[in-house]
Structures are given as structure tokens and as C-alpha cells.
Amino acid sequence: MNDLLHKLVSTVITGALITLVGYLSVTVRRRRVAREEAAAPGPVEDPTQTLLRQAQQLDVNRDELAIQGRQAEALARAGEAADAWRALTLARPGRFQAERRAALDRLSELLDAEGQEQQAAQIRQEATGLS
């Protein structure tokens with residue numbers, strides 16, 4: 001009977017020790033991974049993504065200002081948007097040509113509305129060169 005009791009207690013103690021060691025090992029690993037993740041640098045965003053969001057927002061702002069009748073401000077935003085799309089087409093050749101052309105067309109329309117026909121003609125010529 002003592003032999004049976006000894007084997008039973010020994011098995012229970014061994015199982016408890018294995019469980020404890022496993023738990024401690026997992027806990028230590030989790031803490032180490034959490035520290036490494038906290039110390040790791042964040043993901044770096046492609047700079048053209050920021051520029052793309054900016055260009056899109058400038059397009060929206062330009063159109064909102066034009067609808068509100070604030071032509072001078074809309075014209076300024078149109079110029080900024082055209083510059084942003086120009087930078088994007090330089091950063092990613094072959095991409096964003098249609099968006100750049102649309103921004104230039106809208107800029108030339110606003111220039112015409114402000115009576116700046118010569119600048120509008122230059123902008124239209126640049127837009128035509130993108131085709």
C-alpha cells in the first residue's frame with residue numbers, strides 16, 4: 001500500500017512541477033515578446049501615401065471652396081493640389097496621370113474664372129502634354 005501511495009504522490013508532484021514549469025516558461029516568453037514589440041520601431045509608411053492623402057484632401061477642399069463662392073481660396077487650393085499630383089507622378093512614374101490631368105484641368109477652369117487666361121492656357125498645355 002505504501003508503494004502504491006508513493007507512486008501516486010510522486011506522479012501528482014511530477015505533474016504539478018511540469019505544469020508549473022510550463023506556465024512559467026510561457027509567461028516569460030510572453031513578457032519577452034511584449035518587451036521586444038514595445039521596443040521595435042513602428043511600421044514606416046511610404047511617403048507617397050501621405051502625399052496621396054494630402055492631394056486628395058486638397059481636391060476636396062478646392063471643390064468645397066469653389067461651391068461656397070470663395071474663388072481665390074479655391075484657386076490657391078487648386079494650385080497646391082496640382083503641385084501635389086505633380087510630385088506624386090514624379091515619385092511614381094506612370095501612376096496618377098489621370099488625377100494630375102484632372103487637377104490641372106480644374107486649376108485652368110478656376111484661372112479662367114479669375115480672368116487669368118494666359119496662365120490657364122499654360123496649365124491646359126501642361127495637361128495636354130500628359131495625354
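**View 1. R106 and E109 pair up through a salt bridge, with 3.1 Å between their closest N and O atoms.** A salt bridge here takes a side-chain nitrogen of Lys or Arg within 4 Å of a carboxyl oxygen of Asp or Glu. The two residues are three apart in helix α4, so about one helical turn separates them. Shared partners join D59, R62, D63, R106 and E109 into one salt-bridge network. E109 is partly exposed, with a relative accessible area of 46%; that class falls between buried (under 20% relative accessible area) and exposed (over 50%), using a 1.4 Å probe and protein chains only. This is a predicted model, where local features need pLDDT of at least 70 and side-chain atom pairs count only at pLDDT 80 or more, while totals for chains, interfaces and linings use all residues. Residues are numbered from 1 along each chain as its sequence is written, and side-chain values use heavy atoms, leaving out hydrogens and water.

**View 2. R106 also forms a salt bridge with D63, the closest N and O atoms being 3.4 Å apart.** R106 sits in helix α4 and D63 in helix α2 (residues 47–67), so this pair ties together parts 43 residues apart in sequence. Helices are DSSP runs (H or I, at least four residues), numbered from the N terminus. R106 is partly exposed at 22% relative accessibility, and D63 is partly exposed at 30%. The salt-bridge count comes to 10.

**View 3. R86 and E126 meet in a salt bridge at 3.0 Å, N to O.** This one links distant parts of the chain: R86 is in helix α3, E126 in helix α5 (residues 117–129), and they are 40 residues apart. R86 is partly exposed at 24% relative accessible area, as is E126 at 23%.

**View 4. A search of the whole structure turns up one aromatic pair.** W85 and F96 are the partners, tilted at 45° between the planes and 5.9 Å centre to centre. Rings of Phe, Tyr and Trp (its six-membered ring) pair if their centres lie within 6.5 Å; planes under 30 degrees apart are stacked, over 60 edge-to-face, and the rest tilted. W85 belongs to helix α3 (residues 71–91), and F96 to the loop between α3 and α4 (97–113). Both W85 and F96 are buried.

**View 5. R95 lies over the face of F96, 4.8 Å from the ring centre.** To count, NZ of Lys or CZ of Arg must be within 6 Å of the ring centre and within 35 degrees of the ring normal.
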